[in-house]
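Work through the exercises below with the sequence and the model side by side. Try each task before you read its solution.

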Amino acid sequence: MESTPKNPYHDTITDKEQEAIVKFKATLATEKDLVPPSLLEDNDTLICFLRARKCDIAKSKKMIMDYLKWRIDYKVEDIYSNYVLDTI
């Protein structure tokens, strides 16, 4: 039986980063209209945004909010359901 591969992000999260994740989640939880609840449970994604901004909560929040707005503006969730393949 194969075991589930470990995610390297979980193996290398420092105490400072873990503290930042907790604060980041609390900050994002105030944006209920834009932040899906599933994102608050996704530490892998959150740590990527935090590391991209050196654990600066305000900068990370701006970055992830811009990302979420971009997904809405460009209707990313609708791409597969509305895509029509042209026949040749």
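This is a predicted model: local features need pLDDT of at least 70, side-chain atom pairs count only at pLDDT 80 or more; totals for chains, interfaces and linings use all residues.

Residues are numbered from 1 along each chain as its sequence is written, and side-chain values use heavy atoms, with hydrogens and water left out.

**Exercise 1. The whole chain**

Find how many helices and strands the protein chain has, and state what share of its residues is buried.

Solution. Begin with the elements, which are DSSP runs numbered from the N terminus (helices are H or I with at least four residues, strands are E with at least two). The protein chain has six helices and zero strands, and the order from the N terminus on is α-α-α-α-α-α. Next, take burial, where buried means under 20% relative accessible area, exposed means over 50%, and partly exposed lies in between (1.4 Å probe, protein chains only). Of the 88 residues in the protein chain, 24% are buried. Finally, consider contacts, meaning heavy atoms within 4.5 Å: among those between residues at least 6 apart in sequence, 62% join residues at least 24 apart.

**Exercise 2. Helix 4 against helix 5**

Describe how the axes of helix 4 and helix 5 cross, and list the residues that meet.

Solution. Axes are lines fitted to C-alpha atoms, for helices over the stretch in contact, and angles run from 0 to 180 degrees between N-to-C directions. The axes of helix 4 (residues 43–52) and helix 5 (residues 57–73) come within 8 Å of each other and cross at roughly 120 degrees. Helix 4 is therefore oblique to helix 5, given that angles under 35 degrees count as roughly parallel, over 145 as roughly antiparallel, 65 to 115 as roughly perpendicular and the rest as oblique. On the side of helix 4, the residues are Leu 46, Phe 49, Leu 50 and Ala 52, and they meet Ile 57, Ser 60, Met 63, Ile 64 and Tyr 67 of helix 5. Sorted by class, this contact has eight nonpolar, one polar and no charged residues. For these classes, Ala, Val, Leu, Ile, Met, Phe, Trp, Tyr, Cys and Pro count as nonpolar, Asp, Glu, Lys and Arg as charged, and the others, Gly among them, as polar.

**Exercise 3. Helix 2 against helix 5**

Repeat the analysis for helix 2 and helix 5, starting from the angle at which their axes cross.

Solution. Here the axes come within 10 Å and cross at roughly 55 degrees, so helix 2 and helix 5 are oblique to each other. Helix 2 contributes Ala 20, Lys 23, Phe 24, Thr 27 and Leu 28 to the contact, and helix 5 contributes Ile 57, Ser 60, Lys 61, Ile 64 and Met 65. These residues divide into six nonpolar, two polar and two charged.

**Exercise 4. A residue in helix 5**

Is Ser 60 buried or exposed, and which residues does Ser 60 touch?

Solution. Ser 60 is found in helix 5, and with 0% relative accessibility Ser 60 counts as buried. Leaving aside residues up to four places away in sequence, Ser 60 touches Phe 24, Phe 49, Leu 50 and Arg 53.

**Exercise 5. Salt bridges**

How many salt bridges does the structure hold, and where does the bridge of Glu 31 and Lys 61 lie?

Solution. A salt bridge is a side-chain nitrogen of Lys or Arg within 4 Å of a carboxyl oxygen of Asp or Glu, and the structure holds five of them. In one, Glu 31 pairs with Lys 61, and their closest N and O atoms are 3.0 Å apart. Glu 31 lies in the loop between helix 2 and helix 3 (37–40) and Lys 61 in helix 5, so this pair ties together parts that are 30 residues apart in sequence. In another, the side chains of Lys 23 and Glu 19 meet at 3.2 Å, N to O. Because Lys 23 and Glu 19 are four residues apart in helix 2 (residues 15–28), about one helical turn separates them.

**Exercise 6. Positive phi**

Where does Lys 54 lie, and what is the value of its phi?

Solution. Lys 54 lies in the loop between helix 4 and helix 5, and its phi is near 50 degrees, a positive value in a residue other than glycine. Its relative accessible area of 74% makes Lys 54 exposed.
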